[in-house]
Amino acid sequence: MDLKNTLIDLMPAPLVRIFAAPYIAGKGIAAGVAKADEIQTKLGLAATVDLLGEEVFRREDVEATVQVYFRMIEALQGRPYASISLKPTQLGINESEAYCQDNLQRIVAAAAVHGIHITLDMEDRHFTDVTLRMFKAIRDRYDNFGIVLQSRLYRTPDDIRALHTKPCKVRICIGIYREPAEVALQDKADMKDRLFEQVLLLLEHGHYPEIATHDEPLIRRCLAHLDAQGVARDAYEFQMLLGVPRLDLQQEIVRRGQTMRLYVPFAEDWKYAVHYLKRRLAANPAMAFMVMGNLLGR
Ligand SMILES: Cc1cc2nc3c(=O)[nH]c(=O)nc-3n(C[C@H](O)[C@H](O)[C@H](O)COP(=O)(O)OP(=O)(O)OC[C@H]3O[C@@H](n4cnc5c(N)ncnc54)[C@H](O)[C@@H]3O)c2cc1C
């Protein structure tokens, strides 16, 4: 571990809480649901609610996580503006693919009953194949299931072409995980150019791109191009993380009559929120400066 990561790891929890405050809805399902309601009512924004807590290893903890997702589904009923995001490492992938797929399918099936959409987040490159395999197997049976792809990976255009014959919702983002040059672009501008191209590729293949970025020039590039091509405004949407200050741009998108969705994480246990922030700070140390800039700029 290098010095930078060691420093991030040694950061005291209260300090991490300061960093976390704008980004996390709070503790418990009710906090996630309340934030989804608040941003919809006050700002016209949609939400995808996420339980923090990656890398769950023990079977009883995985089952407890599945139960939280069942309770979330109950709690989010009657809210067409809210979806759910989840991760394979929360749901037993560390034990086996079959076990994780079964847990995922139980959640997707329960959500389908209430018309709630589930997005399978993409983790680092070690999980790409298995995540796509589980997605395809379940997507065959359920329409309320989407996935995430990362534009930094060289393989992503092939993954889009091989995705599925059935159109589905695909969140397309640059990806949070640092990946080596053998498998991924290293330059952010290149990742964003690829993201733009992959939005077009997804549309070409009949999918619904969920364009997840805070980069205003990239968003404007997408809007200008898709408007010029006459692409329907309900054929795609934009997504951002709760807490990143982009209110004017978000409101502009809402005024265009388009879906603007925020990723709304909540924690059942505060230690997971601390872990989430530390992992993201370690993956992207520049974020510490962004957060300070955003906090000071408020
Ligand atoms: C809804 C959503 C879901 C995502 N799901 C996944 C996933 O499943 N798998 C995955 O690998 N990655 C995921 N990501 C992360 C994503 O891939 C990027 O790492 C992240 O969005 C930053 O990339 P950017 O395109 O905004 O560009 P950047 O150049 O990183 O950011 C542009 C600007 O946005 C602001 N900004 C960006 N991030 C932050 C932040 N955290 N705090 C404060 N300001 C910030 C800064 O002002 C920055 O200059 C998701 C992102 C979003 C928005």
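**The shell around the ligand**

Author: In this predicted model, at least two residues of the shell around the ligand come from each of β4 (145–150), β5 (169–173), β7 (237–241) and α12 (286–297). Of the elements that contribute, α12 gives the most, with four residues. In total, 24 residues surround the ligand. The closest are Asp121, Cys173, Thr213, His214 and Gln239. Sorted by class, the shell has 14 nonpolar residues, six polar ones and four charged ones.

The strands belong to a closed barrel of eight strands, in the order β1-β2-β3-β4-β5-β6-β7-β8, and their pairing is parallel. On average, neighbouring strands of this sheet are turned by 30° against each other, direction ignored. One of the pairings joins strand β6 (residues 208–212) to β7 through three bridges, and the two run parallel. Here alanine 212 stands opposite glutamine 239 in β7. Gln239 is also among the closest residues to the ligand.

Two helices make a separate contact. The axes of helix α4 (residues 59–75) and helix α5 (residues 97–113) come within 10 Å and cross at roughly 10°. An angle under 35 degrees counts as roughly parallel, and α4 and α5 are therefore roughly parallel to each other. On the α4 side, the contact is made by Val62, Val66, Tyr69, Phe70 and Ile73. On the α5 side, Asn103, Arg106, Ile107, Ala110 and Ala111 take part. The residues of this contact divide into eight nonpolar, one polar and one charged.

Definitions and conventions:
Residues are numbered from 1 along each chain as its sequence is written. This is a predicted model: local features need pLDDT of at least 70, side-chain atom pairs count only at pLDDT 80 or more; totals for chains, interfaces and linings use all residues. Axes are lines fitted to C-alpha atoms, for helices over the stretch in contact, and angles run from 0 to 180 degrees between N-to-C directions. Angles under 35 degrees count as roughly parallel, over 145 as roughly antiparallel, 65 to 115 as roughly perpendicular and the rest as oblique. Two residues are in contact if their C-beta atoms, placed from the backbone, lie within 7 Å. Ala, Val, Leu, Ile, Met, Phe, Trp, Tyr, Cys and Pro count as nonpolar, Asp, Glu, Lys and Arg as charged, and the others, Gly among them, as polar. A residue is near a molecule or strand if its C-beta atom, placed from the backbone, lies within 6 Å of it. Two strands pair if DSSP finds at least two bridges between them.
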